[in-house]
Amino acid sequence: MLSSGLTLIFSMMGVLNFAHASFYMVGAYVAYSLVGVLGFWPALLLAPLIVGAMGAAFERLALRRVHKFGHVAELLITFGLSYVVLEVVQLVWGRTAVPFSPPPELQGSAFTLISSPTQGLSLVLGKAAPELCTAALCSNFPMTKAFMMAVALLMLVALWLLLTRTRVGLVIQASLTHPEMVEALGHNVPRVLMLVFGSGCALAGLAGVVGGITFVTEPNMAAFIGAIIFVVVVVGGIGSLAGAFVGSIVVGLLQTLPLTVDGSLATALTVMGLTVTPETPGYPVLRLALKDVAQILPYLLMVLILIFRPKGLLGTRED
């Protein structure tokens, strides 16, 4: 969800927004404040609009002024914005986590996987009855994560349709490649780019609302997820929405599947018939279990992508 908004901004404007995760955090906190007044579902609609308006204002008042100085100035001003947002959030909502709970409709389990030695693997919608789990292994899939998956897919489809099947999308794409011609046709290119930046921030705000009820809403939530967003975008391909989707799946698998593997390179070499002892060169690295290094695997993949395929898996931009 976050990588789609970041990809939209970069593919349409060429700006790599370092403060994107900060808008995600603001979306969670704004929704938390609105829930107490309006309820969750109105907050789900209003919070992204508020965050999008903040992003559009930032582009109009600050980012546009440094655009002529190149990408370094854009990176610096968005990097500085992330620190400002963090301080403002801590001043307004405090330094500790806030109790942002999902609504009753999104509480509980979407479905339950039951693994039984006699009946094999079965799926039960909702939470399984306790008697079904007495002699079997049950795994509940939270409703909030199912909701997150649905919103992410709807976001991807909506963005693709907007950019490829509507007049607005054609104007946005043309504003990037042929701004003079678009202005000659009567369109306000700076306003178009401002709306694009605001829309990308609104998508980050929407991700913040959903992420806020799924995870913990606290001031470090932007730093926790900010780095992995750029890994997703680089792996999938900078500027490609399809690449952002594929990259998010690949990075997600790299972060979760290795957690179930207790083996190491030393184990694999032993299976192959090689002897690995503490005197073997590189033994401290060889003995590391895969589950212990799962968190750094996406970053290693990013390094390999940058070396062998700088455009990413599905990237198209050369710059």
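1. Helix 10 supplies the largest share of the lining of the largest pocket, 10 residues. Helices here are DSSP runs of H or I, at least four residues, numbered from the N terminus. Bear in mind that this is a predicted model, where local features need pLDDT of at least 70 and side-chain atom pairs count only at pLDDT 80 or more, while totals for chains, interfaces and linings use all residues. Residues are numbered from 1 along each chain as its sequence is written, and side-chain values use heavy atoms, with hydrogens and water left out.

2. That pocket holds about 1,500 Å³ of space. Of its 37 lining residues, Met1, Met148, Phe215, Ser248 and Gly252 are the closest to the centre. A pocket is an open set of points on a 1 Å grid over the protein atoms alone, where a 1.4 Å probe fits, with protein on both sides within 12 Å along at least five of seven lines; lining residues have an atom within 4 Å of a point. Volume means the space filled by probe spheres set on the points, joined across faces, edges and corners.

3. By class, the lining of the largest pocket comes out as 27 nonpolar, eight polar and two charged residues. Ala, Val, Leu, Ile, Met, Phe, Trp, Tyr, Cys and Pro count as nonpolar, Asp, Glu, Lys and Arg as charged, and the others, Gly among them, as polar.

4. The second largest pocket has about 330 Å³.

Key: Helix = DSSP H or I, 4+ residues; strand = E, 2+ residues; numbered from the N terminus.
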